[in-house]
Amino acid sequence: MPATVLLVDDDPNVLRGLVRQFRHQPFQFYTAHSAEEAMEVLKSRPVDVLVTDDRMPGVCGIELLAWAAKHFPEVQRIMLTGFPTTETAIRAINESGVFRFFTKPCDPVALALAIHQAVEQKQSASKTEPAL
């Protein structure tokens, strides 16, 4: 079964562009236009990697990542933002333990590589977890 990636951005053009860029990658993609929609996807489907924008109406990306870290800690988290600041990066690291932090526009090859690495990290972590 292919790894699943949830892409979250309030701009539908950004989501379409990301899905188009990654169409040849071995991933199954889900998309969400808000953090609230992404939370519903996370509750209803298995997700390996969450890639989210930060600045969105309502719940921001950092808050989504922190919520995912608390409720779905096995999901690898990547921040993608068009408004990078030191404060945003620090919050993403401290509040949600992001796997990677990218600024828009980002190199699609670098983002694809980060997603692959996040999937590998998740798979290796699940293999080393002790059985209950």
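## Buried residues, cores and a pocket in a predicted model

Valine 49 lies in strand E3, which spans residues 49-52. The structure described here is a predicted model. With a relative accessible area of 0%, valine 49 is buried, because the term applies to residues under 20%. Apart from residues up to four places away in sequence, valine 49 touches Thr4, Val5, Leu6, Val75, Gln76, Ile78, Ile115, Ala118 and Val119. Glutamine 76 is 27 residues away from valine 49 along the chain, yet the C-alpha atoms of the two are separated by 4.7 Å.

Threonine 81 belongs to strand E4, residues 76-81. Is threonine 81 buried or exposed? Its relative accessibility is 0%, so threonine 81 counts as buried. Leaving aside residues up to four places away in sequence, threonine 81 is in contact with Asp53, Asp54, Phe101, Phe102, Thr103 and Lys104.

Helix H1 covers residues 12-21, and Leu15, Gly17 and Leu18 are buried within this helix. These three residues lie on the same side of H1, because they cover an arc of only 165 degrees around the axis. At the start of H1, the backbone nitrogen of asparagine 13 has a side-chain oxygen of aspartate 11 within 2.8 Å.

The nonpolar cores come next. The largest one contains 24 residues, and the members that touch the most other members are Leu6, Val8, Leu42, Val47, Leu50, Leu64 and Trp67.

| Element | Residues |
|---|---|
| Strand E1 | 3-8 |
| Strand E2 | 27-32 |
| Helix H2 | 35-44 |
| Helix H3 | 61-71 |

The largest pocket has a volume of about 220 Å³. Its lining consists of 16 residues, and those nearest the centre of the pocket are Thr4, Pro46, Val47, Asp48 and Lys122. Which element gives the most to the lining of the largest pocket? Helix H5 does, with four residues. H5 runs from 108-128, and both H5 and E1 supply at least two residues of this lining.

Conventions: Residues are numbered from 1 along each chain as its sequence is written. This is a predicted model: local features need pLDDT of at least 70, side-chain atom pairs count only at pLDDT 80 or more; totals for chains, interfaces and linings use all residues. Side-chain values use heavy atoms; hydrogens and water are left out. Buried means under 20% relative accessible area, exposed over 50%, partly exposed in between (1.4 Å probe, protein chains only). The arc is that of the directions from the helix axis to the C-beta atoms. A polar contact is a pair of N or O atoms within 3.5 Å; within protein, one must be able to donate a hydrogen and the other to accept it, and residues adjacent in sequence count only if both atoms are side-chain atoms. Contact means heavy atoms within 4.5 Å. A nonpolar core is a set of buried Ala, Val, Leu, Ile, Met, Phe, Trp, Tyr and Cys residues joined through side-chain atoms within 4.5 Å. On a 1 Å grid over the protein atoms alone, a cavity is a set of points where a 1.4 Å probe fits but cannot get out, and a pocket is an open set with protein on both sides within 12 Å along at least five of seven lines; lining residues have an atom within 4 Å of a point. Grid points are joined across faces, edges and corners, and a volume is the space filled by probe spheres set on the points.
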